[in-house]
Amino acid sequence: MPKFTPPVPTPLQKSKVGVLGFWRVAHSWIDALSHKSYEMLLGHFWLPAMRVFIINDPKWVERILVKEPANYPKHRLMHESLEPLIGSSPFTTNGTVWQRQRRMLDQAFGHARLSLVFPLMQQACHDMLLRFEQQDLGKPLDVDAAMTHVTADIVYRTIFSVPLGEAEAASLFAAFTRYQEFAQKVMVCKLLRLPVLWYDYRRRQYAAVIKAFLGDKVRRRFEFLTTREEQNGADILSGLRCAIDPEDGAALTEQEVLDQVCMLFLAGHETSASSLSWCLYVLGEAPKLQKQLVDELLQVAPTGELNFAEMRQLSGVAAMFREVLRLYPPVGYFPREAMQDQEIRGAKVKKGDALLVFPWLLHRHRRWWREPDVFNSERFLNKDNAPVRGTYLPFGLGARACIGAGFAMQEAALILSAVMKNYDVLPVPGFEPQVVGRLTVRSAKGIQVMLKRKL
């Protein structure tokens, strides 16, 4: 398949940024990375609040995420960063609390198997195409907003069994965007031991907007449907309400359900929207690749919409999506905390030190990938080119790997197929995204493409 190099920030020349220079992380943590970051196996820097080690050695990645996760729990700053929005949920909790929540979440997802949510995804894609038809296709499409709407609609339907309105989607998109900006600033201030009052106040304002919207829907279900009535439901919310902890027989409270819903909504639409926005940008810049994928679609489903069984035949679409996840992993780093003094690759690590497993760096590491900044989806079509274990982890690894990985892959294939079957994706002359790393990897000025209706 065709190769090209999509946008990537220029690394710093110097590996030492310093405390003052580290403030640039308030805008984007990618801006603090140097050339050495993409070559080293272990990096470190000291901040007023903590010592930080960057782990680029796949053997240690495996140990931290897969073999000994209890010895390397999620860092407390991750919880502090996301707590206003997702409360106490599996994305940030540890130990027995996380184990209980994951058990309950596994039960809830059993209610919403991929085959059951497939029609919901299809209807959301159909509604997306209707929105495209109502736009002036002579003007650039705001891809971030469009993908945020359709992915939020899909996860919203999966949770609540109803579609998400356009005005609601726009309001949530704006609130999530601003929340990310202020959450990033709060984290940096805490790392530098600077006051966070204003940033924290603004962060909580935007989190409150989102939680109020989702909380109203959860509260209505608790008020108007009993647990017995929820047994007949097929959405995630009914699954959460019916889930029973096998160890103590307890169900989730309304607040616990809301925390899980907020976490699923954040993880289920923000990360997917980020990836799909980059996918459409790539398609616009790679017309030969786009033609190959359209040919694959027509061969698999020449006359109508894809059905559930046909999804697995879209190997080219899946490979393209995996390569985009490599270049632009939605979650750029996983923060962990050392629970004991130890030595990592000759470095003395103390209890409480932060360990960062960096998908962004591992996916572009000069040692683990050939032409690491080049887009080449053939990497995921040839089994002989399988990546070294521990160097490709867009959904994480081990027990804490993303529960919605299969959901995201199915969703991406459906959305991309729907767009490519109906439109040619074209670049906007002179436009180039500006990559930034916040809670997710996005473009600071959004992403734009042109859509041309197929005849």
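Me: Two strands count as paired if DSSP finds at least two bridges between them. In this predicted model, how many bridges join strand β4 to β7?

Reply: Strand β4 covers residues 334-337, and β4 and β7 run antiparallel. In β7, Leu355 is the bridge partner of Arg336. Pairing needs at least two bridges, and the number joining β4 to β7 is 4.

Me: Which residue is the bridge partner of His44 in β2?

Reply: Strand β1 (residues 42-46) pairs with β2 in the antiparallel sense over 5 bridges. The two are joined as a hairpin through 4 residues. For His44, the partner in β2 is Phe53.

Me: Which strands stand at the edges of the open sheet of 4 strands, and why is one side of each left without a neighbour?

Reply: The order in this open sheet is β1-β2-β7-β4, and the pairing is mixed. Each edge strand has a single partner strand, so one side of it has no neighbour in the sheet. The strands at the edges are β1 and β4.

Me: Which helix packs on this sheet, touching β2, β4 and β7?

Reply: From one strand of the sheet to the next, the twist averages 25 degrees. The helix that touches β2, β4 and β7 covers residues 58-67, and its direction makes about 110 degrees with that of β7. This helix is α2.

Me: Are the residues on both faces of strand β7 buried or exposed?

Reply: In a regular strand the side chains alternate between the two faces of the sheet. In β7 (residues 354-357), Ala354 and Leu356 lie on one side, with Leu355 and Val357 on the other. Buried means under 20% relative accessible area. Both faces of β7 are covered, and these four residues are all buried.

Me: Which helix packs on the open sheet of 3 strands, touching β8 and β11?

Reply: The order of this sheet is β3-β11-β8, with antiparallel pairing. β3 (141-142) and β8 (423-427) are the edge strands, each with a single partner strand, so one side of each lacks a neighbour in the sheet. β8 is joined to β11 (residues 448-453) by 5 bridges. The helix touching β8 and β11 covers residues 254-285, its direction makes about 85 degrees with that of β8, and its name is α11.

Me: Is α7 roughly parallel or roughly perpendicular to α11?

Reply: Two packed helices are described by the angle between their axes and the distance between the axes. For α7 (residues 166-191) and α11, the angle is about 95 degrees and the axes are 12 Å apart. Angles of 65 to 115 degrees count as roughly perpendicular. That makes α7, relative to α11, roughly perpendicular.

Me: How many residues of the contact of α7 with α11 are nonpolar?

Reply: Leu172, Phe176 and Gln180 of α7 meet Phe265, Leu266, His269 and Glu270 of α11. In this contact 2 residues are polar and 1 is charged, while the nonpolar ones number 4.

Technical notes
Residues are numbered from 1 along each chain as its sequence is written. This is a predicted model: local features need pLDDT of at least 70, side-chain atom pairs count only at pLDDT 80 or more; totals for chains, interfaces and linings use all residues. Side-chain values use heavy atoms; hydrogens and water are left out. Contact means heavy atoms within 4.5 Å. Axes are lines fitted to C-alpha atoms, for helices over the stretch in contact, and angles run from 0 to 180 degrees between N-to-C directions. Angles under 35 degrees count as roughly parallel, over 145 as roughly antiparallel, 65 to 115 as roughly perpendicular and the rest as oblique. Ala, Val, Leu, Ile, Met, Phe, Trp, Tyr, Cys and Pro count as nonpolar, Asp, Glu, Lys and Arg as charged, and the others, Gly among them, as polar. Buried means under 20% relative accessible area, exposed over 50%, partly exposed in between (1.4 Å probe, protein chains only).
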